[in-house]
Structures are given as structure tokens and as C-alpha cells.
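Have a look at the structure first.

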Amino acid sequence: MLRTVIATTAVLGLAAGCAPDPQTPVKIRALVLSGNGQYVPEEVELKTVDDIVGLSGTVADIHGGARIVYDSRDQALAEATTAEAFAAALLKGEGRDVAANYINQDDVLWPADFHTWNMVTAYYNLERAFDYFREVTNIPVADFKKPVKTYYFPEFVLADIQPGPLKDNALYFSAMESFLVLPFDQLQRAPLSINAGVITHEYSHRIFNLKAYGGSPFPEALISWSTAGGPNPGANILKSFDEGLADLHAYGATCRSKNGCDTRFLSSSFHGPEQGPLADERDLAKTDRCIDDSLRDSLRDSSLSQFSGKEYRVGTILASALYQAGESTGQRDILLRSIVAAYNDENTATPGILQLTRRYLGDQSKFTMAVAAGAIISHVTDLRLKEAVCNELMDHLQIPRDQLVGTTNPNLCPPSAAGGTTCPRLGAD
């Protein structure tokens with residue numbers, strides 16, 4: 001695929017002259033998923049870019065060549081007393097502004113090298129994620145704050161995990177309030193930066209941070225609960241909701257593409273005998289996902305570090321249950337808006353996840369799965385959709401109906417909601 005793109009560029013025949021200075025929206029070629037499952041050059045528009053060479057604008061500012069290192073033995077990190085100082089200590093090499101190269105053909109810019117293709121596509125996908133959260137979930141533009149610095153192909157080292165730089169990933173790194181697009185190694189078919197679903201998943205983590213974590217690089221509840229001795233059930237639930245809802249929003253964003261909704265958006269990047277199972281494990285369309293005794297006990301009894309990796313399993317059960325509720329009622333977008341509204345709500349009758357974590361900051365055992373799910377249910381106003389959400393969550397997450405109670409309404413779920421019959425009933429928790 002990449003060789004084809006480079007060859008296509010060469011056929012155009014002319015090298016770029018002076019740096020382009022187009023007016024927005026910019027007509028440009030990016031790599032877009034086609035109907036046959038391949039990424040192909042397609043003419044798109046960048047609507048928010050101010051500097052097409054430096055690829056910076058109101059949505060993102062792409063920066064190259066940085067070195068970011070987290071090492072628990074680093075004295076500079078230990079001595080940092082503010083979030084800003086901690087982020088500065090992580091950044092061992094600031095890198096530089098990127099310089100994209102283009103060929104202008106009939107007033108459409110064609111990337112002239114691989115990295116420009118990759119960076120342009122990443123910026124385009126960030127724009128699409130921004131548009132999804134602005135237009136579908138109704139987040140005001142001002143709430144997005146400043147453009148997100150996006151580190152392209154940085155050396156990102158988590159020294160406590162492995163000595164060398166990580167690869168084959170794209171992530172939102174809240175400690176630096178930045179996106180990281182890491183170099184690829186194994187994911188040759190479709191690097192994560194060109195997978196629009198993956199970028200929306202990571203953008204969803206930023207939205208969860210802005211709303212459910214109050215925009216803090218170090219969320220108060222997550223840090224407080226995860227550093228407490230013993231089990232960390234509240235932290236485990238927060239991480240599970242963050243991951244599951246990110247997959248659901250990524251799916252919702254695919255529904256705006258020309259190819260339509262894709263519950264297997266990971267499959268274009270993760271395929272083959274070693275990587276392919278991930279797309280199956282996170283496919284939201286599977287209707288038989290159920291929490292079991294072992295996973296429920298681990299959620300309740302494990303520390304956050306012990307629970308690591310299982311948040312994806314719990315998150316997928318949550319996301320697929322909500323997916324079924326939205327699809328069965330034909331109210332997908334209404335549900336997606338309700339979910340984001342549930343992140344942060346100061347109304348005492350319908351408190352958001354942020355407000356509930358603050359309420360139970362001193363005792364995370366009270367921030368249960370029912371409490372977190374109740375925040376979503378309380379923001380679903382349509383009775384038929386509320387019934388469907390209640391039924392699916394009671395069934396797949398095995399939340400007893402009598403635990404789904406609201407702040408002012410003791411019967412958060414309507415009387416018609418009795419749960420489903422897909423999952424076997426678990427014993428008392």
C-alpha cells in the first residue's frame with residue numbers, strides 16, 4: 001500500500017516549488033479507507049489548518065523528533081511539584097516543527113513523501129474526531145481548549161516497562177496533555193495514525209479527561225484511588241469506562257464515513273494470526289459478551305496495576321451493551337450525546353461521573369458499577385432508549401436492578417426494564 005502511494009506521487013511528475021500558501025479549507029490528498037478495505041489517496045479538505053507546511057491549526061499542532069522518557073528513578077520527575085514541571089521533566093528532547101512537502105496539481109496538494117502522507121492523514125483524522133464530538137455529542141468549541149500538541153514519531157520510553165522506545169501505538173498522554181503518534185514496526189498494513197477509528201478512540205480519551213476528569217493531567221480520583229492500599233475498585237471502574245466508551249465513540253464516528261458504521265474498525269490495522277484476534281475481541285456487534293464471576297471479582301478485589309489489561313474486557317462488555325441499546329432503538333446519536341452529557345453535570349439530581357467521583361473520593365468502594373452506569377442512565381431522557389440501556393446493562397454487566405437508583409428518583413430505570421436473558425445470572429456480589 002505504501003509503495004503504491006509513493007509510486008502514485010512520483011507519477012505526478014513535478015516537485016513542489018515554493019511552500020504552498022492556500023486558504024482554508026485546503027484541498028489535499030490523504031489516505032482514506034475505501035470500500036474494499038484498502039487505504040487509498042483521496043481528496044479531502046482540511047478546514048482548521050493555519051500552517052499547511054507545519055501542519056498546525058485550531059485542532060492540532062504536529063511536532064516531530066521529540067524524546068519523551070518516563071523513568072520512576074528520574075530525579076527531575078521526583079522533584080516536580082506542578083503538572084507543568086512534570087511534563088517538562090518528561091520531555092528530554094523538544095524536537096522541532098515538522099516540514100511537510102507537497103506537489104500541487106490542479107490546486108489540490110499531494111503529499112510528496114511518506115511522512116507527509118502520514119502526518120496529513122493524522123491531522124485529517126484528528127479533525128474528523130473533533131467534528132464528531134462537536135457535531136454529534138454537542139460539545140461547544142470553547143470546551144476543547146487549545147490545539148493539542150501532537151508528537152509525531154517521538155522516542156517514547158517507559159523505562160519501567162522496557163528500555164527502548166515503544167512502537168506501533170497512538171495514544172493520548174494526559175501527563176503532557178498531548179497525542180503521541182509512535183513509529184510503526186509490526187503494523188505495516190495500516191499504521192494507527194491513518195486509522196480514523198483509532199484516532200477517534202484516542203481523542204475520546206482526551207474528551208473523557210476534559211469532562212470526567214475535570215481536565216487534569218493527573219485526575220484526582222484516579223490518582224487518589226489507585227495509590228490507596230489494597231484493592232482499587234473505583235479506579236478499575238473508571239479505567240474500564242474510559243476504554244469502553246472510547247471504543248463506542250470510535251464506532252459512532254465511523255458511521256459518519258462514506259463506508260458507514262464499522263464495529264470492527266481495528267481490523268484494518270490489526271490482522272493476521274498474531275494481531276487479528278484483537279479486532280474480534282473488541283467487535284461491539286457481538287451480542288454474547290457477559291461479565292463473569294472471575295472478572296467481576298477481579299474488578300472489585302484487584303489493585304489498578306493487577307487489573308491492567310482487564311479494563312479492555314470490561315470496557316468492551318459495557319460498550320457492546322450500549323451499542324445494542326442504541327442500535328435496537330435507532331437512537332445511536334442520542335445515546336452518544338447522553339453519554340458525554342453524563343461525564344460532567346453539576347445538577348444534583350443528575351450528577352455526572354466527575355461529580356460522583358468527587359462525592360466518593362474518600363471511599364472508592366461506593367463508586368460502584370451501578371453508580372457509574374447510573375450516571376449514563378440518568379442522562380437518557382427518552383423512555384424507550386432508557387429502557388433498552390437499563391436492560392442491556394443489567395444483563396451484560398450483571399447489575400442488579402435495585403442498585404440502579406438515582407439521586408432523586410429511587411427507580412432510575414422504568415418499571416418496564418427487567419433485564420435481559422443473554423447472560424447467565426451471577427451469584428450475589
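## Ground rules

A salt bridge here is a side-chain nitrogen of Lys or Arg within 4 Å of a carboxyl oxygen of Asp or Glu. This is a predicted model, where local features need pLDDT of at least 70 and side-chain atom pairs count only at pLDDT 80 or more, while totals for chains, interfaces and linings use all residues. Residues are numbered from 1 along each chain as its sequence is written, and side-chain values use heavy atoms, with hydrogens and water left out.

R296 and D293 join in a salt bridge, 3.3 Å from N to O. Both sit in helix α10 (residues 293–301), three residues apart, or about one turn of the helix. (Helices are DSSP runs of H or I with at least four residues, strands are runs of E with at least two, and both are numbered from the N terminus.)

How open are the two partners? R296 is buried, at 11% relative accessible area, while D293 is partly exposed at 39%. Buried means under 20%, exposed over 50%, and partly exposed in between, using a 1.4 Å probe and protein chains only.

## Pairs that reach further

K258 makes a salt bridge with E42, and their closest N and O atoms are 2.5 Å apart. K258 is in the loop between α7 and α8 (272–275) and E42 is in strand β2 (residues 39–46), so this pair ties together parts 216 residues apart in sequence. K258 is exposed, with a relative accessible area of 59%.

A search of the whole structure turns up 15 salt bridges. There is also a salt-bridge network linking K47, D131, R134, E135 and R256.
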